[in-house]
Amino acid sequence: MNFCKYLLKGKKKLDKKVFVNQNYTYSQLFEDVQSLTKSLKVFDRQIIGISFENSYSFIIFYLSIINSNNIALIIEKGLPTQKYFELLNKYKVNLFFTDSKFDKLDFQKDYKISKSEENFSKILRRNKFKEIDKKYFKNVSLILFTSGSTGEKKGVMLTNKNLVFNTNSILKILPIKKKDIVNLVLPMSYSFGLSIVNTHLKVGSSFLLHNSPFVGSIINEIQDYNCTCFYGVPSTFQILIDRTNFLKKKFKNI
């Protein structure tokens, strides 16, 4: 099964907010994904890059690329311009959607850059199309980078089956419910953050997009938006313990 279709099954008429602090509904998400999918189907099993902050735009492009039978390559935000260029060349990315700001546009000889005022700010389209060797990417729907803590980041190739199995496995263990409101602290561009998105989209939960540079602000967000859960890595909780009164708070819904 296509992973996007698996996640959005039963969401076509779901009139529920995807984000509690924005107006997008699941039914709109379904329509927007179908619309962008049609545009991306002109590509045939190509690696399409995306780099966004945690946002509605990220989810739309992530799901639409997979739904169009292309391969989503997720690149983290905040990299130097040259690093973006190296990754786009290394993985033969012909199309790249991003809201990043580049220091220099010295790679315009390789890419045509255009702007949009819709869901994204830049589209980089390669001037000379690069073909990938498709036999190495059979059934692959997503390339996700490792953390790089022991060296250079590696691009891990995941199939639709991998993603469906992983999501189902998590849902068997964690008591994620449709009524949940998850405070999304972790970046969607990393495996942990992305698995949170996948599992909660599948059950039809709502998200609160946390885009503050200070993790401690989630204390007020939890109270103001009645969040029922949030996820973190060890450093997330270390900051909350060391720099806030997190442990003294009583969160009735968490």
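Entry 1: Two strands are taken as paired if DSSP finds at least two bridges between them. Strands (E, at least two residues) and helices (H or I, at least four) are DSSP runs numbered from the N terminus. Ile-113 stands opposite Leu-124 in E5.

The model is a predicted one, in which local features need pLDDT of at least 70 and side-chain atom pairs count only at pLDDT 80 or more, whereas totals for chains, interfaces and linings use all residues. I number residues from 1 along each chain as its sequence is written, and side-chain values use heavy atoms, with hydrogens and water left out.

I then traced the whole sheet, which is open, has seven strands in the order E4-E5-E3-E1-E2-E6-E7, and shows mixed pairing. Strand E4 (111-114) and strand E7 (155-159) stand at the edges with a single partner strand each, so one side of each has no neighbour in the sheet. On average, neighbouring strands of this sheet are turned by 20° against each other, direction ignored. Axes here are lines fitted to C-alpha atoms, for helices over the stretch in contact, and angles run from 0 to 180 degrees between N-to-C directions.

**Entry 2: a helix on the sheet.** Helix H4 (residues 81-90) lies across strand E1 (47-51), strand E3 (95-98), E4, E5 and strand E6 (140-145), and runs at about 45° to E5.

**Entry 3: helix packing.** At what angle do H3 and H6 pack? I found about 80° for helix H3 (residues 56-67) and H6, with their axes 13 Å apart. That makes H3 roughly perpendicular to H6, a term for angles of 65 to 115 degrees. Phe-58, Ile-59, Tyr-62 and Leu-63 of H3 make the contact with Leu-194, Val-197, Asn-198 and Leu-201 of H6; contact means heavy atoms within 4.5 Å. By class, the contact of H3 with H6 has seven nonpolar residues, one polar and no charged. Nonpolar covers Ala, Val, Leu, Ile, Met, Phe, Trp, Tyr, Cys and Pro, charged covers Asp, Glu, Lys and Arg, and the others, Gly among them, count as polar.

I next examined helix H5 (residues 160-173) and helix H6 (residues 191-203), whose axes come within 10 Å and cross at roughly 75°. Asn-166, Thr-167, Ile-170 and Leu-171 in H5 meet Ser-195, Asn-198, Thr-199, Lys-202 and Val-203 in H6. The contact of H5 with H6 divides into three nonpolar, five polar and one charged residues.

**Entry 4: the three-stranded sheet.** I found an open sheet in the order E9-E8-E10 with parallel pairing. Strand E9 (206-209) and strand E10 (229-230) are its edge strands, each pairing on one side only. Strand E8 (residues 181-184) is joined to E10 by two bridges, and Asn-183 has Phe-230 as its bridge partner in E10.

**Entry 5: the largest pocket.** A pocket is an open set of points on a 1 Å grid over the protein atoms alone, where a 1.4 Å probe fits, with protein on both sides within 12 Å along at least five of seven lines; lining residues have an atom within 4 Å of a point. Which residues lie nearest the centre of the largest pocket? I noted Asn-54, Val-185, Leu-186, Pro-187 and His-210, out of 20 lining residues. The lining divides into 10 nonpolar, seven polar and three charged residues.

How values were computed: Angles under 35 degrees count as roughly parallel, over 145 as roughly antiparallel, 65 to 115 as roughly perpendicular and the rest as oblique.
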